[in-house]
Amino acid sequence: MEKVTLTVNGFTQSVLVESHETILDTLRNRLNLTGTKKCCDEGTCGSCTILMDGKPVLGCLTPTLRCVGKEILTIEGISSGESLHLVQKHLVKSLGLQCGFCTPGVVMTAIPFLEENPHASRNEIKESLSGNLCRCTGYKKIIDAVENAAEEMRS
Amino acid sequence: MEYYHSPDSIKDALSMAREFDGNFIYFAGGTDVQIYRKQKLEKNEHIIDLKSIHDLNSISIKDEVLSLGAMTPLDDIIKSKEILKFFPVLVEAAKSVATPVIRKTATIGGNLLVRNRCTFYNQSQEWRNGVGSCLRDVGDICQVTGGKNDCFSRNVSDTAAALIALNAEITLINSNGMTQKPIKDIYLPCGIKFHDLDNEIILTQIRVPFSPKKWWYKKLRMRKTLDFTSLTIAATIDNQDIARICLNGVSMTPILIEEPIETLTLESLIKQARKNCKTVDNDLMPLKYRREMINVYLEEFWNSIYI
């Protein structure tokens with residue numbers, strides 16, 4: 001085990017981790033941040049997307065030791081208090097989720113994408129979310145939600 | 001036990017590699033290697049992560065010659081306006097790899113050295129135990145062909161196809177010093193040992209010497225995202241009218257066909273491609289369909305030359 005210092009959602013804390021451990025397992029099993037979901041565990045579904053220094057990465061493929069000295073942001077750190085982020089708000093409003101398992105990954109992918117591409121077209125939004133699998137909604141409502149969030153962000 | 005190391009210089013990485021004496025794996029982006037570790041296909045104890053070596057992440061274009069650090073993320077290549085201007089085929093290839101999120105971590109060097117794939121090998125330990133192991137794992141027979149000698153795992157690097165079509169060179173460093181060679185020369189026609197680089201060597205730079213007059217790129221896969229290639233064709237025509245057509249995903253190694261455009265015909269192109277590709281039934285797409293698609297794509301490329 002190694003003792004590392006991680007900064008997650010603005011809080012810095014020390015934690016004991018295995019050398020080979022992924023940040024997904026560290027978040028869920030050691031820091032009890034279970035909002036980031038574990039699904040395929042092999043980079044296929046996008047459910048475990050988190051932000052590392054503002055960039056989206058897949059938690060299941062990122063060694064925890066690679067995250068030392070970086071700012072990690074998970075779904076738990078996105079909203080301010082009870083006020084949801086615009087992307088979250090529109091996912092609720094457009095019914096862009098059913099079981100909600102893929103939603104944290106969708107939110108963590110869509111936010112940095114819209115910040116970087118505020119004028120993204122529907123097709124560009126579709127492509128940006130192409131690594132996030134959802135088994136419930138059929139995607140249309142998710143795309144609608146992100147498109148509506150983009151529109152509100154611009155206004 | 002597993003150990004993670006993050007050297008900040010090539011010298012340190014090489015000295016760790018020597019110390020661990022083959023019991024290590026280099027991490028570039030790590031997006032592919034991590035899966036091999038989870039599937040128990042990669043069991044070396046030490047991970048040497050090259051991410052902290054800053055010199056390896058750079059893009060520069062001088063006199064239309066492109067130099068790329070091997071640790072440059074694919075996403076940076078896609079976003080570079082200069083690469084798009086002079087080397088659009090490389091941008092197109094990078095865009096076709098994995099998903100937008102994975103491309104922010106996956107690197108050009110990692111993609112060039114991505115391990116060959118086969119539907120009977122790239123599976124979980126349980127799956128492999130159920131079906132029976134193969135030559136590349138711990139078995140003694142190829143599950144695809146029934147043969148006992150050759151492994152036909154496919155080279156699936158999309159950027160390799162584009163960079164070979166661009167006649168790119170790579171710089172390699174080990175404890176004996178630095179060497180440069182054309183990318184096409186590192187690949188071997190073997191599914192198990194698919195390149196001739198020794199364990200310790202580090203790929204540091206990629207140099208693309210010319211901007212092509214014309215280019216063409218297409219990738220066949222089940223979905224428009226994520227999937228590894230079932231057939232990738234990248235083609236360029238340079239200022240001397242030499243065509244370089246590279247096929248990948250259909251054989252153990254990328255297949256290059258290089259010929260002046262005035263002597264090349266569609267029939268000879270298809271004949272050479274079909275003759276050199278050792279395509280077997282080791283992909284999700286049916287073998288017959290993949291073989292037919294070689295003709296279809298080459299015909300599309302051929303028609304595009306005269307537009």
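A: Start with two helices of chain B: H5(B), residues 88-95, and H9(B), residues 158-165, whose axes come within 8 Å and cross at roughly 170°. That crossing makes H5(B) roughly antiparallel to H9(B) (the label for angles over 145 degrees). Axes here are lines fitted to C-alpha atoms over the stretch in contact, with angles from 0 to 180 degrees between N-to-C directions; helices are DSSP runs of H or I with at least four residues, and strands are E runs of at least two.

This is a predicted model, so local features need pLDDT of at least 70 and side-chain atom pairs need 80 or more, while totals for chains, interfaces and linings use all residues. Residues count from 1 along each chain, chains are lettered from A, and side-chain values use heavy atoms, without hydrogens or water.

On the H5(B) side you'll find Val89(B), Leu90(B), Ala93(B) and Ala94(B), meeting Asp158(B), Thr159(B), Ala162(B) and Leu163(B) of H9(B) (contact means heavy atoms within 4.5 Å). These residues split into six nonpolar, one polar and one charged; Ala, Val, Leu, Ile, Met, Phe, Trp, Tyr, Cys and Pro count as nonpolar, Asp, Glu, Lys and Arg as charged, and the others, Gly among them, as polar.

Now follow Asp158(B): its side chain makes a polar contact of 2.7 Å with the side chain of Thr232(B) (a pair of N or O atoms within 3.5 Å, one able to donate a hydrogen and the other to accept it; residues adjacent in sequence count only if both atoms are side-chain atoms). Thr232(B) sits in strand E10, residues 231-237 of chain B. Thr232(B) counts as buried because its relative accessibility is 0% (buried means under 20%, with a 1.4 Å probe and protein chains only).

Terms used. Parallel < 35°, antiparallel > 145°, perpendicular 65-115°, else oblique. Buried < 20%, exposed > 50% of the residue type's maximum accessible area, 1.4 Å probe, protein only.
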